[in-house]
Amino acid sequence: MSLNTQILIAAILGVAFGFLLNLFPNTQFFNLSLYGLGLASSIFIGLLKMLLIPLIFSSIVVGVSNLQAGGQLGRVWKITLLCCVTTTTLALILGLSCAHLFNVGKGVDIIMFQDAMSSHQTPDTLTPSSFFTNFIQNTLINPFKAFAEGNVLAVVVFALLIGVALVKGGDNFRSVRKLSLQFFDIMMLMISWVMKLAPLGIFALLAKLISTEDISVLSRLAEFAAVVTGTTIFHGAVVLPLLLWVFGKMSPVTFFKGTRAALITAFATSSSSATMPLSMKCAQENLKVRPQTAGFVIPLGTQLNMDGTALYEAAAALFIANLMGLDLSIGQQLIVCATAMIASLGAPGIPSAGMVTMIMVLQSVGLPAEAIAILLPIDRLLDTVRTVVNVQGDMMISVVVDRYTREPQVD
């Protein structure tokens with residue numbers, strides 16, 4: 001039985017076991033099962049996070065040095081950035097369009113959320129200018145501090161510089177380039193070991209998610225949750241595969257079959273970063289993306305390409321505006337799109353970064369920051385779906401970039 005099939009079966013069994021646990025709440029069986037699931041999931045996630053920073057550093061160093069040596073780095077960078085902007089823009093347009101189409105939030109009484117909003121402790125907010133200042137200050141930092149704190153974006157920037165320096169140094173750094181390549185191979189070998197635990201980890205994560213999340217909270221926010229989930233799935237099941245088929249010349253069936261392990265892991269962990277080692281493995285081994293391309297594009301995409309997050313934040317801003325009876329003008333909606341695109345880049349080193357970026361989107365059009373409390377009960381559940389689309393977009397872009405940089409001419 002292939003690993004992909006094992007993970008799929010484990011995911012189905014995990015969901016079933018989670019529903020089974022819901023039948024025995026607050027019992028010894030429930031508590032012992034939850035403890036065992038938490039232990040198993042912690043081991044799996046811990047191993048992925050342990051390998052994450054060394055993998056990002058080695059993969060980008062090797063990828064940049066190889067691409068720079070072949071004169072392809074500029075082309076790869078430009079195509080990657082173009083793909084990220086294109087897919088994120090399409091996600092924003094789709095999110096706002098569906099929110100308008102279904103009038104999410106209209107007709108719902110804001111009074112039912114007043115208690116949550118009044119008791120919610122809003123984190124420190126940031127203006128766009130201070131956001132960028134904080135962003136830069138937490139990216140251009142001591143690399144050893146970045147490694148110790150798991151600051152992914154800072155590690156990416158440092159690795160980019162090291163990769164370029166290795167090429168500029170030529171034969172003087174040949175031994176360092178060889179060592180980097182060997183270290184990257186070691187990381188990929190260790191990932192293959194962790195993958196053997198993936199079925200157990202996925203089972204534990206999904207069972208724990210289903211058994212601990214209060215599904216009843218969706219009742220008040222069911223319409224918004226359904227629209228955002230459906231729109232996100234449409235983006236991942238139709239828009240991205242269509243772009244892949246047109247520009248990457250790859251069948252969506254082939255893509256989904258080759259990336260199933262990474263997508264299920266993204267759904268279970270709700271973390272693009274934790275899923276990145278599996279994303280790189282799937283891209284290289286199943287989608288046949290060159291290691292230097294995957295090693296450059298996917299770590300960058302994890303930080304720069306977040307279609308699901310941008311779609312959610314744009315739709316959420318319109319939802320809250322409708323709740324409050326405010327009609328956003330076209331100009332304000334464009335501001336929401338621009339802010340959501342910027343916010344989806346993430347903010348390393350900022351406490352409660354996800355909440356802060358969502359607050360930026362709300363405040364960009366004058367909506368109260370406290371309104372984020374309305375979204376908190378369903379955020380964890382919606383996060384599972386949008387993370388899948390974020391990870392899918394990273395791997396899809398790696399396929400497209402690899403095709404356009406592998407071929408000297410494109411008809």
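1. Starting with the second largest pocket: α1 (3-22), α10 (222-248), α11 (252-269) and α17 (376-406) each put at least two residues into its lining. The biggest contributor is α11, which gives 5 residues. Helices here are DSSP runs of H or I with at least four residues, strands are runs of E with at least two, and both are numbered from the N terminus.

2. Before going on, a word on what we're looking at. This is a predicted model, where local features need pLDDT of at least 70 and side-chain atom pairs count only at pLDDT 80 or more, while totals for chains, interfaces and linings use all residues. Residues are numbered from 1 along each chain as its sequence is written, and side-chain values use heavy atoms, with hydrogens and water left out.

3. Back to that pocket. The volume of the second largest pocket is about 370 Å³. Its lining has 16 residues, and the closest to the centre are Phe256, Leu263, Ile264, Phe267 and Val388. By type, the lining splits into 12 nonpolar, 3 polar and 1 charged. (Nonpolar covers Ala, Val, Leu, Ile, Met, Phe, Trp, Tyr, Cys and Pro; charged covers Asp, Glu, Lys and Arg; the others, Gly among them, are polar.) For the record, a pocket is an open set of points on a 1 Å grid over the protein atoms alone, where a 1.4 Å probe fits, with protein on both sides within 12 Å along at least five of seven lines; lining residues have an atom within 4 Å of a point. Points are joined across faces, edges and corners, and the volume is the space filled by probe spheres set on them.

4. Overall make-up: the protein chain has 17 helices and 0 strands. Of its 411 residues, 52% are buried, where buried means under 20% relative accessible area, exposed over 50%, and partly exposed in between (1.4 Å probe, protein chains only). Taking contacts between residues at least 6 apart in sequence, 84% join residues at least 24 apart; a contact means heavy atoms within 4.5 Å.

5. Ser65 is worth a look. Ser65 sits in helix α2 (residues 28-69) and is buried, at 4% relative accessibility. Its side chain has a polar atom 2.9 Å from the backbone oxygen of Val61, and the side chain also reaches the backbone oxygen of Val62 at 2.9 Å. (Polar contacts are N or O pairs within 3.5 Å; within protein, one atom must be able to donate a hydrogen and the other to accept it, and residues adjacent in sequence count only if both atoms are side-chain atoms.) Beyond its neighbours within four places in sequence, Ser65 touches Ile60, Gly163, Leu166, Val167 and Arg177. Leu161 is 96 residues from Ser65 in sequence, yet 9.8 Å away C-alpha to C-alpha.

6. Most residues other than glycine have a negative phi. Lys249, however, has a positive phi near 55°, in the loop between α10 and α11. Ser270 also has a positive phi, about 55°, and lies in the loop between α11 and α12 (272-285). Lys249 is exposed, at 56% relative accessibility, whereas Ser270 is buried at 14%.

7. Finally, the cysteines. The whole structure has 0 disulfides, a disulfide being a pair of cysteine sulfur atoms within 2.5 Å. Cys84 is buried at 4% relative accessibility, and Cys98 is buried at 16%.
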